[in-house]
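Subject: Structure handover

Hi,

Here is the structure you asked for.

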Amino acid sequence: MWRGRPRPRRHGIISPVKSGANTDLYRKLPSVDELLRAPAIADLISREGQAAVTESARLVLSRLREEIATGLLDAEGLELALSGVASAVEREVRQSLCFSLRNVINATGVILHTNLGRAPLALSALDDIREVASGYSNLEFDTETGGRGKRDVHVDRLFRKLLSGEMAELRSAGRARAPVPTLAPVPTLNSISTIVVNNNAAAVLLALNTLAEGGEVVVSRGELVEIGGSFRIPDVMAKSRAILREVGTTNRTRIADYERAINENTRLLLRVHRSNFQITGFTEQPRIEDLIALANQRNIPLVEDLGSGALFDLRSVGVSDEPGVLYSLQAGVDVVTYSGDKLLGGPQAGVLSGRADLIARMRSNSLFRALRVDKLTYAALEATLLAYVKRDHDAIPALRMMRLSKEEIGKRADAVAEKVRSATLRVEVIDGESVIGGGAAPSAVLPTRLLAVSHKALSADEVAARLRAFDPPIIARVEEGRVLLDLRTVFPEQDPLLVEAIARIESRSAKARIQNAE
Ligand SMILES: *Cc1c(COP(=O)(O)O)cnc(C)c1O
């Protein structure tokens with residue numbers, strides 16, 4: 001329909017050198033305008049908009065022009081290409097408008113998987129984001145006085161409730177063996193405040209800069225950690241313009257090492273949770289109680305970077321020795337920092353909870369303004385905290401996944417296995433371990449049941465790649481020549497998708513076999 005009409009060249013499009021033979025071919029190409037008038041394309045425009053379709057049409061045509069120039073297309077090939085030009089434009093539009101960031105199914109069994117977006121949000125958090133974000137809100141507005149308000153009051157209220165010790169069963173969250181020391185000052189309801197910044201790295205930066213800029217911070221050499229993605233304590237320290245004063249050795253640091261390091265320039269003692277590794281063997285680390293006593297005695301604040309920072313009793317899922325936020329505060333740590341999207345199970349955020357006077361100094365630091373979070377984060381965080389206040393832990397997906405029993409997971413795995421087993425696909429349900437991830441309890445594992453998939457003709461890596469190619473992509477572990485899928489981190493409503501994806505590995509490879517045989 002576009003053939004045989006010469007037309008002028010347009011600007012901004014590759015105009016290859018023309019030889020006599022392919023000038024004719026160029027003539028057969030429609031103009032962008034002509035292409036846009038084709039019925040199939042007009043339809044596409046009504047759905048996806050003029051701008052995106054025009055851009056895609058230009059791209060498709062310039063590609064054809066290039067193929068003519070390089071001799072890839074002869075008259076016959078061009079004829080064929082032009083017959084499919086509308087669908088080429090449609091494909092291009094679809095590709096240009098599709099999301100880069102999208103859902104995947106996490107079958108790794110790592111609950112707080114940093115590469116897969118850490119904590120999935122509670123439904124109530126999603127509802128609240130929609131509610132707050134679709135209109136205006138009282139983010140920084142006091143509806144009572146009609147004057148300006150502060151954005152951090154919205155969650156400070158709930159943190160106060162959760163950290164005040166009102167909730168008796170939270171009292172000893174974490175650190176199962178050590179009881180709350182009786183000598184430590186128990187913070188009262190009003191002396192603990194909380195502010196929120198963009199992530200825990202930002203929280204540590206803000207704490208160090210506010211409390212120790214230009215002065216020294218004492219840290220054990222055994223705690224100079226790197227958390228994945230370039231969060232290194234010495235680097236953050238340098239950026240905060242505090243001076244790192246390392247004490248002790250990699251494996252052993254005593255309270256006396258801290259004592260000796262304190263001088264008139266010391267502004268802060270810092271304890272960092274060893275989130276992603278363990279030191280075993282000949283080791284020593286002062287108890288937090290000893291650090292608290294030293295900090296009180298010398299009148300130097302003690303900040304603890306908890307990393308994960310549980311707001312619930314981890315012993316309920318069989319994990320001990322992971323510090324809880326409440327425990328540290330009640331023991332007398334001045335300020336704790338922790339992530340919003342690790343064990344708390346909420347949105348990405350960095351939380352600073354502690355002595356009201358120190359938190360007030362951080363709030364008035366101009367860095368706080370630069371590191372602050374938006375209304376979407378406050379909405380999601382407030383909804384997540386409300387679930388804690390209501391003690392509705394199962395509403396928070398990460399907590400719900402932690403609490404799933406091996407038997408429940410096994411039952412679902414059996415049901416999936418039943419549906420996908422075949423002559424070429426070997427699917428077993430075996431014992432295994434899930435991990436919490438996100439730098440929480442590096443040594444703690446949760447017993448689970450795994451789907452172990454292997455294929456007669458395909459390697460485990462190939463099977464895993466096919467699962468990733470599914471829509472939505474399914475991310476699994478590969479171990480000892482098998483693909484392992486842990487349903488602990490798969491939402492039950494995604495089980496049928498898993499069945500479909502695994503079955504599809506089978507049908508594609510069956511087709512391939514038939515073709516090979518022919
Ligand atoms: C995870 C972690 C961080 C970094 O937290 P983000 O929220 O990812 O910025 C810092 N310190 C410790 C101990 C951690 O575990």
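Predicted model: local features only at pLDDT ≥ 70, side-chain atom pairs only at ≥ 80, totals over all residues.

Residues are numbered from 1 along each chain as its sequence is written, and side-chain values use heavy atoms, with hydrogens and water left out.

**Ligand shell.** The residues around the ligand include Arg 118, Phe 231, His 273 and Lys 342. Near means that a heavy atom of the residue lies within 4 Å of the molecule. The shell splits into three nonpolar, six polar and three charged residues. Here Ala, Val, Leu, Ile, Met, Phe, Trp, Tyr, Cys and Pro count as nonpolar, Asp, Glu, Lys and Arg as charged, and the others, Gly among them, as polar.

I list N or O pairs within 3.5 Å.
- Asn 200: a backbone N or O atom sits 3.0 Å from a ligand oxygen.
- Ala 201: a backbone N or O atom sits 2.9 Å from a ligand oxygen.
- Asp 305: a side-chain N or O atom is 2.7 Å from a ligand nitrogen.

Taken alone, the ligand exposes 380 Å². The protein buries 93% of that (Shrake-Rupley method, 1.4 Å probe).

**Loop residue.** Thr 145 lies in the loop between α7 (123-133) and α8 (153-163). Helices are DSSP runs of H or I, at least four residues, numbered from the N terminus. A polar atom of its side chain lies 3.1 Å from the backbone nitrogen of Gly 147.

Best wishes

How values were computed:
Polar contact = N/O pair within 3.5 Å; in protein donor to acceptor, adjacent residues only side chain to side chain. Helix = DSSP H or I, 4+ residues; strand = E, 2+ residues; numbered from the N terminus.
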